[in-house]
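Please keep the sequence and the structure at hand while reading.

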Amino acid sequence: MKWVGLLFLGLFSQTAIASDAVVSSDLLYSVWIAVCCFLVLFMQVGFLLLEGGLVRSKNTVNVILKNFTDVGLGTAGYWLIGFGLMFGVSYGGLFGTTSFAPSPSNSSDTLGLLYNMMFAATAATIMSGAVAERFRFLPYLVGAVVITAIIYPIYGSWVWGGDDANPGWLRGLGFYDMAGATVVHSIGGWAALGALILIGPRRGRFGRKGDVHVIPGHNLPYVAIGGLILWFGWFGFNGGAAKEDFSNLGQILLNTHLGSIGGICGAILWLSINKKGFLITSIVNGALGGLVSVTAGADVFSVGSSLLVGFIGGIFVVVSSNLLANFKIDDVVGAIPVHGFCGAWGTLAVGFFYQGDMFNIERIIVQLIGVVAAFVWGLGSAYAIFWGLRKITPIRVSSREEQRGLDISEHKEIGYSDFMTTHARADV
Amino acid sequence: MNQQNAKIVYAALTRLTEDRGVIKQAFDHWNSHHGDAELDVVGLTESIVAFLGLDTGEKKVLMVSLHSASARGAGSLADVPSYLIGASNDAINESAIATVAAPGVNKPPVVILADAYCNFINGALRKLSNADREEWIEAIRDEGIAGVKPNVQLALQSIDDGLSLPSDASEDDCKTVCHELTLFLSDVIGPVKADEISYKAIAALLDTNEASRFDPRELLED
């Protein structure tokens, strides 16, 4: 944050000299986007702690390292290929064909590129938690790069790509997704679902007679800290979509916050009705579900709508987690409920609660088309890629490696070597 | 088998539990591994604790009972019932399982430890839930374990009475059996409880004499 402060000071002093102490709107906007870049990058810390806390201690190093490395490699893939596919000159509204490995000439475009790279990293990292505790490290990284370089940008080009004359096909239909509830979150969630269907549940998660075994995370305080960091970072994730004159920034930030509050309330209500106890994982995920839900329309929702959309998102998180378990889909951190289902719900909610034009059937249908397209593309492409990858190399660790924990079998390290209860040895 | 020691062991085991199945398992274990040796109360206690998966309180009872029985002398102790001795002799006589832990046959440490590991799980499950134990045994019998020798497979069929792998079981066989039985355990009671029992078993095995000749942690490694 010191860096951000210095940037602010430097930019402001430069402006004072250049234009008689009048801060230009362009400059302020650039600084704001830079801050948003840092906030979105900081969300990775949130993901890292949330996912690290939700796995068993024998897999901590693995999931944290996956989060750490996919930011670097994923954003590199996005810079090299993804940005061009997403924002290059559109080929029939399907994908971009120019601007690969971009090298922008001005600061504003550079910041735009960096901001989009941070978004791409978010799409990739969603999968890491879902497939935790059994997915091999290197195949995961390959998958993360493919998601950020190809799967996410192609869908992104449909929604945000092209120009007015030659827009992405969903954009042309009038599909609206302010900051990526579907483009980033649902695509990440559905890609994770594709990987999960292919890789199967952790051994022992579902019993031989169909019973579901709870596998609690090893550090629930990490989960809450990670959740709060994500909440904090979300102001940058959504706030970066503000207009250049900041006329809607306050609305976006307030609605973002209200979405989270709604999500918490929804999760608490559902948990209390079902008398399951006020589970920290469900409530934190409820807050995140609320945040994802308002991401598509934080600039077009009223405050009341934001609260309601987040509230329903919070309920969706808890309900859909149980639904997945019934289908024997083992999503370790609840990534699919939070990102997949809530992203879809929030995007549809734009059709229901668009301020001044609520329940417009035409908009609802267009939003629905976008949601379905994301599901088909995200799930199908990820499934195909991991299926192909599995033909080349095993993507799942062996049962013995899974039993011993991925920290030892993949990294030869133990997360808590001083006090961890394990028979695993780091020196083998 | 040393008849005097057999009486001492039997007396101590009856103080520990009334469950004839457990007594039989522990008695056979003693007979297989220590039957011809001099009575070493501490060593035998550790061995039975690891074999049955006893907790600290039960370990104390066993050790005190062994001391007490050995101090009383064989003359004042009850005879060993026929169901214990008979079972052991049966094991020797049945040619089909002649290599399955026949009493007096020296087993390599890895086999002894694998037996103890699996029996620890069996004992722990017995305490946890009989239904879970039955499901675990059923899974082992139904699904079997691929990639091990036929006589190892055969030994698994009688796991209900305590596992006794053949003395010619290879290290790989032992590792495969321990790993697969842990996975079955994970399927039955969930991976968290399974890990807990597995950790405890390995910790108990680390205290045995055999651990100095074969590291029990290797049982669950590649």
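Over the ring of which residue does the charged end of Arg363(A) sit? The ring is that of Tyr354(A), whose centre is 3.8 Å from the charged end of Arg363(A). A charge sits over a ring if NZ of Lys or CZ of Arg is within 6 Å of the ring centre and within 35 degrees of the ring normal.

The model is predicted: local features need pLDDT of at least 70, side-chain atom pairs count only at pLDDT 80 or more, and totals for chains, interfaces and linings use all residues. Residues are numbered from 1 along each chain as its sequence is written, chains are lettered from A and ligands numbered from 1 in the order in which they are written, and side-chain values use heavy atoms, with hydrogens and water left out.

**Aromatic rings**

Rings of Phe, Tyr and Trp (its six-membered ring) pair if their centres lie within 6.5 Å; planes under 30 degrees apart count as stacked, over 60 as edge-to-face and the rest as tilted. By this rule there are 24 aromatic pairs over all chains. Phe135(A) and Tyr140(A) form an edge-to-face pair, because their ring centres are 6.4 Å apart and their planes are at 80°. Lys66(A) lies over the face of Tyr140(A), 5.4 Å from the ring centre. Elsewhere, ring pairs join Tyr115(A), Phe119(A), Trp160(A), Trp234(A) and Phe237(A) into a cluster.

**Accessibility**

A residue is buried under 20% relative accessible area, exposed over 50% and partly exposed in between (1.4 Å probe, protein chains only).

| Residue | Relative accessibility | Class |
|---|---|---|
| Phe135(A) | 0% | buried |
| Tyr140(A) | 0% | buried |
| Trp79(A) | 34% | partly exposed |
| Leu138(A) | 59% | exposed |

**Helices**

Helices (H or I, at least four residues) are DSSP runs, numbered from the N terminus. Leu138(A) belongs to helix α5 (residues 137–160) of chain A. Its C-alpha atom is separated by 33 Å from that of Asp109(A), 29 residues apart along the chain. Trp79(A), in turn, is found in helix α3 of chain A.

Helix α2 (residues 25–54) of chain A has 30 residues and reaches 43 Å from its first C-alpha to its last, close to the expected 44 Å. The expected span is 1.5 Å times one less than the number of residues. Of the 30 residues of α2(A), 23 are buried, so this helix is largely enclosed by the rest of the structure.

Note on methods. Helix = DSSP H or I, 4+ residues; strand = E, 2+ residues; numbered from the N terminus.
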